[in-house]
Amino acid sequence: MKHAKTATQNACKLCNPLGACLAFRGIESCVPFLHGSQGCATYIRRYLISHYKEPIDIASSNFHEESAVFGGSHNLKIGLKNVSDQYKPQVIGVATTCLSETIGDDVPGILREYKKEFKNGTPMPILIHASTPSYQGSHIDGFHAAVRATVKTLAENGEEQSLINLFPNMVSPADLRYLKEIFNDFKAPLMLLPDYSQTMDGGPWGEYHRIPPGGTPASAIVSAGSASASIEFGSTLEASKSAAGYLEEAFDVPRYHLSLPIGIKESDKFFSLLETLTGRPRPEKYEDERRRLIDAYADGHKYVFEKKVILYGEEDLVVAITAFLSEIGMTPLLCASGGKSGLLKKRIMELIPDMDVLGIKVREGVDFADIEDEAKVLKPDFLIGNSKGYTMSRKNNIPLLRLGFPIHDRFGGQRMHHLGYRGTQELFDRIVNTVIEQRQNASSIGYTYM
Amino acid sequence: MEQITILEGRQKQIFEKKKGVAQPDIACDTSSLSGSVSQRACVFCGSRVVLYPIADAIHVVHGPIGCAAYTWDIRGAVSSGPELHRLSFSTDLQEMDVIYGGEKKLYHSLIELIEQYKPKAAFIYSTCIVGLIGDDIEAVCRKVAKETGIPVLPVHSEGFKGTKKDGYKAACHSLMKLIGTGPIDEISKYSINILGEFNLAGEAWIIRQYYEKMGIEVVATLTGDGRIDAVRRAHGATLNVVQCSGSMTWLAKEMEEKYGIPYIRVSYFGIEDMSKSLYDVAKYFPDRPDIMDAAKQVVSEEVKTLYPSLQKFKKALTGKKAAIYVGGAFKTFSLIKALRSIGMSVVLAGSQTGNKDDYARLKEMCDEGTVIVDDSNPVELSKFILEKEADLLIGGVKERPIAFKLGIGFCDHNHERKIPLAGFVGMYNFALEVYQSVMSPVWQFAPRKGGTL
């Protein structure tokens with residue numbers, strides 16, 4: 001029975017400040033700082049830790065009733081001072097919350113005052129401010145807002161240098177490492193932002209680290225304004241909200257906008273762009289990766305052809321996975337996201353013009369109750385998305401292929417590849433194995449070769 | 001190695017037990033220092049954890065999406081029947097709602113959810129923003145209650161209006177509205193309520209079974225495996241047995257005042273405290289010596305099998321040092337005793353929400369050199385783990401990576417756990433988990449234990 005639906009039930013999105021905290025963790029010696037209640041920082045820490053399995057210190061201005069009435073300026077300043085004393089960071093990334101946004105705190109003004117008032121104390125960290133009200137958008141918007149704010153605060157004009165900025169979107173630490181490897185192999189200087197490949201997936205500590213090692217140094221971000229180009233992943237990410245958009249506007253750094261490179265076609269676009277920008281052919285190693293992937297497509301094509309799935313997650317990820325599925329003959333019956341950019345359908349249509357004929361449905365701004373209702377009717381072979389789909393997967397007995405963020409019920413989500421030939425290979429292997437396992441389980445024979 | 005310093009504003013909340021040194025009271029019961037990266041959450045969190053296990057009610061979070069998303073299916077609180085508590089409902093307030101108010105959205109959400117899920121009651125949690133935009137939650141709840149015929153209970157849990165403890169109180173306040181509305185004619189004189197037991201990994205079932213073996217009727221468990229009808233009848237019990245004192249003492253006091261039901265404080269962790277919690281209840285019914293006999297019987301049967309099974313762990317763990325940082329201080333007392341019973345000493349003991357009396361008792365219990373902390377943070381915890389050379393940290397999800405980064409064992413003792421640690425069987429599980437983590441050969445590769453970086 002269909003019910004009227006006002007409330008969000010089992011959300012397929014998170015709040016704006018979470019994305020900002022993650023992005024700030026990708027800056028070297030940076031402490032993320034939430035201007036709001038203590039709970040926001042603590043809940044977000046807990047949520048991120050369950051995926052990344054790393055210590056994640058997020059400071060909070062810890063509002064009380066007085067701050068809500070008289071403004072949070074006092075608490076913010078004390079908080080910044082305490083974080084500076086205790087963590088000795090080079091950067092503090094301040095993100096707002098629904099609370100501080102609603103009372104209308106002028107955070108940039110407070111930060112200016114703070115710098116004046118405390119200039120003679122401990123070394124002054126660089127203060128970045130991102131506006132991330134939780135009543136707007138979702139975590140991915142907070143992520144991009146923080147990246148844009150960082151560039152806006154730090155990037156400077158300068159003589160053009162052979163440097164490429166890469167804004168990779170909210171991808172895994174393993175993906176970030178892969179991207180760095182690619183640039184290294186192309187011998188192309190890279191400014192990757194954010195880079196939480198080490199801070200969110202690092203080694204053991206011989207001694208205590210207030211802030212874990214790794215991340216993009218502030219000095220490197222300064223150079224972003226004089227880079228020769230910016231590459232930005234995320235097909236629904238608009239220039240007006242993005243870091244590369246800002247750099248193009250402010251410093252004429254050309255913005256090359258790509259979908260997340262998943263699948264052969266989109267990965268080819270990325271590698272071709274790198275060839276153009278660097279003037280070098282792609283290293284043989286990636287030709288090999290590509291060849292192995294094509295070979296794997298051939299070996300596995302019969303398992304996956306015309307398999308039907310429901311796909312959900314951040315819009316950019318959904319578009320990218322849709323592109324990949326379409327090149328291996330799988331049909332996403334439903335492409336769903338809790339995000340609401342208004343661009344999801346348009347972008348998928350661009351990739352798959354005959355989507356309506358193929359029966360591909362696109363829905364923005366949905367929750368897991370909506371997706372589950374659809375699943376009951378559409379009866380997909382499996383689900384693809386983050387681990388929050390497990391509840392409906394179990395209830396409706398539909399297998400779930402986990403990817404993206406968060407992975408709370410499996411090990412190693414932070415080490416999962418999604419991007420490029422290597423990431424696509426990993427995804428393809430996992431998809432084929434999902435089908436094989438399903439067949440094997442359903443068979444009464446117990447085949448040992450599948 | 002660089003000395004880790006403590007923030008000036010935090011020094012009064014830290015104490016090291018030393019002989020011959022003046023022993024000031026530890027400062028506690030204060031809101032967290034801004035910028036100190038407290039391990040605490042907020043008022044909303046306090047309310048949410050207390051009411052969460054009530055499984056036949058819907059729990060609706062009125063606010064932007066985060067608060068509901070981060071608490072979706074977050075606890076290991078299991079139910080023997082309905083599982084509405086494992087769903088996440090939010091009014092998901094948007095910018096226009098913030099400007100024009102969220103009352104209508106809340107009203108429609110409630111009417112629809114109640115129609116769809118047919119709960120026995122609904123709890124409506126206010127979040128920060130609701131405290132600012134001035135939605136009249138009470139009025140909406142009254143209206144919906146009238147139209148649907150079920151209790152619709154507002155929980156005043158705006159995140160910034162106090163600490164987690166105020167959230168406990170707000171939750172208990174809602175429970176008080178339910179208590180006293182159910183029939184109690186058939187309740188035995190030899191009956192109790194179990195308060196502050198949340199049925200993590202089925203712990204309430206284990207405890208309940210012990211009491212039932214003693215011939216005690218358990219009227220309601222608040223709130224583990226909770227049911228609205230049971231809560232309504234809770235005023236019919238003769239005695240309230242309170243665990244997790246931080247969250248439920250207020251409710252016990254209110255019930256004492258309103259219904260004349262006395263309460264005792266207990267803990268179900270460790271052999272000593274678990275046994276005591278059975279004896280203390282038995283003592284309350286002196287006209288029935290058979291209850292005490294049965295309690296002794298339960299304890300002796302359980303200990304007979306448990307004690308020998310612990311010796312392997314004790315042998316391996318003797319001399320190892322533990323650090324404890326958990327939510328409530330009462331749990332710390334039990335853990336110190338439980339650790340001692342497997343040969344371990346405690347070098348750091350702390351809690352998010354302990355009060356003055358708790359810390360005074362902790363001081364008394366602890367060995368010399370033990371550090372006691374209130375409302376601590378990752379920097380301090382790391383400092384003392386290193387300085388005191390702990391081999392184990394007991395805490396929750398947020399503390400776990402600190403232990404692992406520093407190359408020491410960890411035991412999850414929070415509300416997400418999936419293994420029961422309460423009761424006699426829980427003591428076995430606890431010892432096993434500590435043993436499996438502390439004695440793992442993986443630590444040989446940790447840089448601090450001689451591994452290479």
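Colleague: What's the bridge partner of A:Gln9 in β3(B)?
Modeller: A:Gln9 bridges to B:Phe89. This is a predicted model, where local features need pLDDT of at least 70, side-chain atom pairs count only at pLDDT 80 or more, and totals for chains, interfaces and linings use all residues. Residues are numbered from 1 along each chain as its sequence is written, and chains are lettered from A and ligands numbered from 1 in the order in which they are written.

Colleague: In which sense do β1(A) and β3(B) pair, and over how many bridges?
Modeller: Antiparallel, over two bridges, with β3 covering residues 89-90 of chain B. Strands are DSSP runs of E, at least two residues, and helices are runs of H or I, at least four, numbered from the N terminus; pairing takes at least two DSSP bridges between the strands.

Colleague: How many residues does each chain put into the contact?
Modeller: 59 from chain A and 66 from chain B, with contact meaning C-beta atoms, placed from the backbone, within 7 Å. On the chain A side, the elements giving two or more residues include β1 (8-9), α2 (38-52) and α4 (73-87). The largest share is from α2(A), with ten residues.

Colleague: OK, switching to chain A itself. How many helices and strands?
Modeller: Chain A has 18 helices and 14 strands. Its radius of gyration, taken over C-alpha atoms, is 22 Å, close to the 22 Å from the globule rule (2.2 Å times the number of residues to the power 0.38) for 450 residues, so chain A is as compact as a globular protein of that length.

Colleague: What share of chain A is buried?
Modeller: 57% of the 450 residues, counting a residue as buried if 20 or more other C-beta atoms lie within 10 Å of its own.

Colleague: Which helix does α8(A) meet, and at what angle?
Modeller: α8 (residues 173-185) meets α18 (residues 420-442), also of chain A; their axes come within 9 Å and cross at roughly 145°. Those axes are lines fitted to C-alpha atoms over the stretch in contact, with angles running from 0 to 180 degrees between N-to-C directions. A:Asp175, A:Tyr178 and A:Ile182 of α8(A) touch A:Gly420, A:Arg422 and A:Gly423 of α18(A).

Colleague: And in the largest nonpolar core, which residues touch the most other members?
Modeller: B:Ala122, B:Ala323 and B:Leu392, out of 288 residues. Such a core is a set of buried Ala, Val, Leu, Ile, Met, Phe, Trp, Tyr and Cys residues joined through C-beta atoms within 7 Å. Beyond four places in sequence, the contacts of B:Leu392 include B:Ala323, B:Phe410 and B:Val434.

Methods: Two residues are in contact if their C-beta atoms, placed from the backbone, lie within 7 Å. A residue is buried if 20 or more other C-beta atoms lie within 10 Å of its own, exposed if 12 or fewer, and partly exposed in between; C-beta atoms are placed from the backbone.
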